[in-house]
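This report describes the surface and secondary structure of one protein model.

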Amino acid sequence: MKHTERMIPSLGTALAPVAALAIAASAAAAPVVQDIAAPPQPDRDQSLISPVGGYAIMALFFAVIVMISLIPSKRGAQD
């Protein structure tokens, strides 16, 4: 029991400088408030790309799927 009682205070006194250094380091690492620059504007050349080609491809795929769905199945006379 005496050994444990002596060990706990010595552990606390050993951790006190470590805690003080951690607090000092976190205060030193705090960011300095500066003026925030405005984000860059998007490139205007991208607006010339038209989505019509993509819409045409989607319409073509849709038409193919509908046409395949409308093909009659070949069933026998025992339906």
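## Surface patch

Which residues form a nonpolar patch on the surface? Leu60, Val64, Ile68 and Ile71 do, and together they have about 400 Å² of accessible area. Accessible areas come from the Shrake-Rupley method with a 1.4 Å probe, and for residues only the protein chains shown count as cover.

## Basis of the model

The model is predicted: local features need pLDDT of at least 70, side-chain atom pairs count only at pLDDT 80 or more, and totals for chains, interfaces and linings use all residues. Residues are numbered from 1 along each chain as its sequence is written, and side-chain values use heavy atoms, without hydrogens or water.

## Helix H2

Ile68 belongs to helix H2, residues 52–70 (helices are DSSP runs, H or I, of at least four residues, numbered from the N terminus; strands are E runs of at least two). Ile68 is exposed, at 55% relative accessible area (exposed is over 50%, buried under 20%, partly exposed in between). Because 0 of its 19 residues are buried, H2 lies largely in the open.

## Whole protein

The protein has 2 helices and 0 strands. Of its 79 residues, 0% count as buried.

Terms used: Patch = residues over 30% accessible without salt bridge, like charges linked within 9 Å, V, L, I, M, F, W, Y side chains within 5 Å. Salt bridge = Lys/Arg side-chain N within 4 Å of Asp/Glu carboxyl O. Buried < 20%, exposed > 50% of the residue type's maximum accessible area, 1.4 Å probe, protein only.
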